[in-house]
Amino acid sequence: MNSPVYRLSDQQIAVLLGHYSAAVAAKRRRALLFALAVALCATLAVWGGEVDLRKFVEGLPRLWSYFHDIMPKLRLTHFSADFAEWFWNWDVWLSLLAETLLVAYVGTFLGATIGFALCFLASANLVKNAFARACVRRSLEFCRTVPDIVFALLFVYALGLGPVPGVVAIAIHTTGALGKQLAEVVENIDMKQVEGVRSTGATWVEQIRFAVVPQVLSNFVSYTLMRFEINVRGASVMGFVGAGGIGQELLSSIRQFYYSDVSAILLMIIVTVSVIDLLTERLRHRLLGIEGRQ
């Protein structure tokens, strides 16, 4: 049996259209107000930062000329000799680049371990004590708010030159960044599994081990791999302040105007970071089960 079809009167349709038009107009007003607020903030930032667009435009040619100066002179007729001259110190640079990777790896490992331990204490669905939770969250905020290169400067002053300050700086910053990300992941888990484990008389640690960790482990590894990519770039710059790695050699070449050395070192860093990005991307896709969807 067919159900009856109800038709609205012209007056009812007019009322609905009026409500729809009012809702669309209100949405457009909010969008316009948001755009005006963004434009105002951008204007205030330009004014407060004393941005001079004229100087920026005038300086662009010097920027391109610098890139032109650091490009190597490679001739087809003498390519092998020119290339060997370009990478004349490749063994030393490769050793420093390996040191940079080790700094990033050890710092990421330490920071991820500590961040993993603290993320559960920062989760509202697992820790009901607001004061304890706030203490952990503020600590994580401090760790990730201070730039890692600032930490590196402090630890170079305290511990001296070398890779150790870089490792500690990356570990602290990674603890704050990963701790925050993982806490948000933990807060979105299915609590029914936790309640089921709790009903067996399990302790809080056992609930974490058997009900929470299995749900967040793939995300934890994925975020850690992504953080390692970021830390490789950060470790390359930390050498500027004496925290070991290839950065110190790069800064020395820039200061002494060894243009070809600058381009060679930059190329090695770019290739290394690109390879790491590709490898960790494949690992993340496998962990998240999206390898076959690409």
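This is a predicted model: local features need pLDDT of at least 70, side-chain atom pairs count only at pLDDT 80 or more; totals for chains, interfaces and linings use all residues.
At 37% relative accessibility, Ala98 counts as partly exposed; buried means under 20% relative accessible area, exposed over 50% and partly exposed in between, with a 1.4 Å probe and protein chains only. Ala98 is found in helix α4; helices are DSSP runs of H or I with at least four residues, numbered from the N terminus.

Residues are numbered from 1 along each chain as its sequence is written, and side-chain values use heavy atoms, with hydrogens and water left out.

**Helices α4 and α9**

Helix α4 covers residues 90-119 and helix α9 residues 204-238; their axes come within 9 Å and cross at roughly 145°. Axes here are lines fitted to C-alpha atoms, for helices over the stretch in contact, and angles run from 0 to 180 degrees between N-to-C directions. The crossing is right-handed, that is, the near helix is turned clockwise from the far one by less than a right angle. On the α4 side, the residues that meet α9 include Thr100, Leu101, Tyr105 and Phe116, and the α9 side includes Val213, Phe220, Phe228 and Ser236. Contact means heavy atoms within 4.5 Å. By class, the contact of α4 with α9 has 11 nonpolar, five polar and no charged residues. Ala, Val, Leu, Ile, Met, Phe, Trp, Tyr, Cys and Pro count as nonpolar, Asp, Glu, Lys and Arg as charged, and the others, Gly among them, as polar.

Gln207 is also placed in α9. Gln207 is buried, with a relative accessible area of 8%, and touches Val194, Val197, Arg198, Ala202 and Val212, not counting residues up to four places away in sequence.

**Nonpolar cores**

A nonpolar core is a set of buried Ala, Val, Leu, Ile, Met, Phe, Trp, Tyr and Cys residues joined through side-chain atoms within 4.5 Å. The largest one has 28 residues, and Trp93 and Ile269 have the most contacts inside it. Two or more residues each come from α4, α6 (148-159), α7 (163-186), α9, α10 (246-255) and α11 (259-288). The most, seven residues, come from α11. Leaving aside neighbours within four places in sequence, Trp93 is in contact with residues including Trp86, Ile246, Glu249, Asp261 and Met268.

The structure holds zero disulfides, a disulfide being a pair of cysteine sulfur atoms within 2.5 Å. For Cys143, the nearest cysteine sulfur is that of Cys135, 13 Å away.

| Residue | Relative accessibility | Class |
|---|---|---|
| Cys41 | 52% | exposed |
| Cys143 | 15% | buried |
| Phe257 | 56% | exposed |
| His285 | 14% | buried |

Phe257 lies in the loop between α10 and α11. Phe257 has a positive phi of about 60° although it is not a glycine. His285 lies in α11, and its C-alpha atom is separated by 8.4 Å from that of Ser222, 63 residues apart along the chain.
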